Structure formats: C-alpha cells, structure tokens
Amino acid sequence: MAGPLSAGAAMKPSAAPPGRRATTAAAPAGTPDPSLLATAVPLSAGALPLSSLQGLCKRDPASHRPDFLAQYNRLRGLVDIITASQSSGDAGGVSKGIVERDKDGEGTSALIHFIAAAAAGCYPDLRAEVAEYLLQLVDPTMGMPRHVTGPALSGLILMRDRSAVRGIVTLPRFMLLLGAPDLDKQAAHQLYVHIVNDIRHAAAGKRGIRQKKNVPGGGGSAEDLARLNAAYRTAFQQVVRGHAEAASVARARRVLDATAALYRLNVWTEGAAGAVGIMAAALASPDSSVYGKAMRFFLNIEEQKDQEEKAKMENTYKVEINYHKFSKKTRKRNHSIDKQKHTRTKKQKERDCKDFYELPAHSNDRGAAVSRRLYPAMELITDPQGVAERCLKLLRAAGAGGSAGIKFETKLLVMNFTT
C-alpha cells in the first residue's frame, strides 16, 4: 500500500547555478512563513480525493492514520496562513486566494468536513483535540473569515450528532454564535435548527445514537441529558435577562424564536421553569423587539399550535382514492373503489370527532370552559400583576412623550397584551 498522501509535503527549492551563491530575499514584516505556504499546495493529480480517503479511513483506520494526520496538518497550515495574512493587513487576498485556487473542490470547506467526519467515526483518541481546534476556529475573537467559521461550525454539529463531543462542551460557544452577525445565513439557520433539536432530544431523555455510544470525557458513561437540558435553560435565561449590546439583542431575539419553537413542539411546557418563564423574563426587557416577541408569543402561540395540529390531522386522515380512470373497469376494481370510499368516510368521521369544538364535553359549552383554553401560556405567569404594571408604566411613559420611543404598532400590542 502506498504511503501517506503528499498533499501537505513541502516543495523542494530549485538549486542555485554552479559558481553562484544562493541568496534568499528577506521577507517583509508580517508575511506568512514559506514553510506554511508549502502546506497550502492542493492535492496532486495522482492523490486520492478527500471523499475516497474518508472511505478508506473508515475501512482501515490504522493503516490510513498517517494520511489523516497529513490532512489535519494541512488544515492547520491553511489556517495559519489565513491568520498570518490577517495580521499583515491582507485579510481578503491570501485567504480568498487559498479557497479559489482549489478548483477540484478540495478547499478549506471540504477539508474541515473530512477532518470532522473522520475524527468522529474513525479515530476516537483524536476527537477531543479536533473538537477543541474547531471550537477555536468558530471563536468570534479569532476573527476568522466566513468560509472558515461556517464549515467549522458544520463540522462541530456533525461531531455532536455522532456523539463525538458532549453538548456541555459545545453549548457555551454555540450560544455565543447564536445571532452573531459574523455568520452567514445558512450557517446561522443550521445552528438554530441544531440547538432546537438538541434541546428537544435532551428534554425527552432519549437520543438514539447517544444512548448506544459513549462520548469521551465522562469516564465511559453515557451523556447526562437532564444536565444538558438544565444547562440550556440556564443559558437561555441568562441571554434573555442580560442584553445591552446590539449583538446581545439579536441573540436574545433568536433565543426567543427557539423557545417558541420548542413550546410548539410540546417541550418546556411545565410552567415558570420552562418556556413561559423565559418569555416572562423577556417582558422586562428594555428593547421593544424583545418584549414584542414575548407578547406575540403569549397572544398567538395557542393559535399556531392549533393550526399545526389541524394540518397534522389533515395529513394523517387524508386518503387518496384511485378511480382507475385510465384502466379497464372491472368488478374487482369497482369493489376496490367502493372500499377506498368507505375508508375515506371513516377517516373523515374520526377527524371530525377529534376536533376540539366538536368533542362531546365541549359541544354544548362555548363559554368560560372554552375561553380559559385560549391563553393557557399566559395563565402560567407567576407574577401577572407585576407584568401588567410594567406594561402600563411603559404605556404611560410613551404617552407622556418620555424616552420610551416605541412605535404605534407596539403600543397597540402592549394594550392588547395587557387587556
């Protein structure tokens, strides 16, 4: 079998002519090290692509471990080049050129994805090191470009889904990136969906692959999903209660979106300790966009859940009938059509009985018993009197020409919520 891939091998310099002394030009201050530039050489024509190398690593991890380490060192060299170019003032030239010169798809994004997938599935002893390195790449203080932070975030999510890293480890960095302006739209949406799904599985106490496999760092024990669920709740409360900067406000809005999505999925519905408590804390926010989201949650969340349940019910009880329009009408096919019609009628009756207002217990009572079910989330607020007083105080300050500075639509929303 051939040796390690020579993707990151240094190129030999050309020999000086005989009789002439070899000279090396002094590099200007702040330029990348030539040894680092050598690691940015793309894969040669005879080398395997990363997708094929990933399959070989999966089949025989021990034999292809040097190949994996060579690609890992190549990634570190590329990142060092980008860091050196940013420190020298050429933030867009060198880093963008590194990505554009890889015409065969073996760029930084594919390399990061290969490192994360191979480490998660083939090399358990390197999972912690690779995860820590990817966490450094997505750190906002590093100032890495988007074509590096986006794939690094995707790699972390991949390792998290494959039980290669604990949720307690990735949670602080993920919460810091939630709503960050440095992420592109696709990466921000991917992070949002991952956080919602991670909380949903942690709250349910089950996650298929995480129950079967152990994650490193816990002494061989399975991940504590209850602890992860409590950590997510605490992190959400901290984001909602303390947001003074613009980035913190955007993060708080994104947290409220995730909380509302979890409540629609019947997660964190146990009262003040769940989604209602987070939304109630957002009502005390000084930013109108934050407490506006919380008020719309209390006013519209039950209607949204009802619409989703009806849509789900329609899909569940929907029966399509094959009338055999373009085939010969036989006795057997006519009997099949009559049977499908009977099944559809039966499903429609079941659907109508499951409608809330058609239930026997509520068919003759459309008064207080039904109205109490319109805003069940609002009834779970622990201090409704204090919330109402804060809303009225906000309206008085806005009406007196104070420093509230809220829009007319927001005033109507506050009045609707208070009444």
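At 17% relative accessibility, His324 falls in the buried class, because buried here means under 20%. This is a predicted model, and His324 sits in its loop between H14 and H15. The backbone is worth a look too: His324 has a positive phi of about 55°, although it is not a glycine. Most residues other than glycine have a negative phi.

You'll find Trp268 in the loop between helix H12 (246-264) and helix H13 (275-282), and at 2% relative accessibility Trp268 counts as buried.

| Residue | Relative accessible area | Class |
|---|---|---|
| Trp268 | 2% | buried |
| His324 | 17% | buried |
| Lys328 | 65% | exposed |

Back to the loop that holds His324: Lys328 lies in the loop between helix H14 (288-316) and helix H15 (331-353).

Now for a helix. H11 takes in residues 225-241, 17 residues in total, and its first and last C-alpha are 24 Å apart, close to the 24 Å expected at 1.5 Å a residue. Which residues of H11 are buried? They are Leu225, Leu228, Asn229, Tyr232, Ala235, Phe236, Gln237, Val239 and Val240.

Note on methods. Residues are numbered from 1 along each chain as its sequence is written. This is a predicted model: local features need pLDDT of at least 70, side-chain atom pairs count only at pLDDT 80 or more; totals for chains, interfaces and linings use all residues. Side-chain values use heavy atoms; hydrogens and water are left out. Helices (H or I, at least four residues) and strands (E, at least two) are DSSP runs, numbered from the N terminus. Buried means under 20% relative accessible area, exposed over 50%, partly exposed in between (1.4 Å probe, protein chains only). The expected span of a helix is 1.5 Å times one less than its number of residues.
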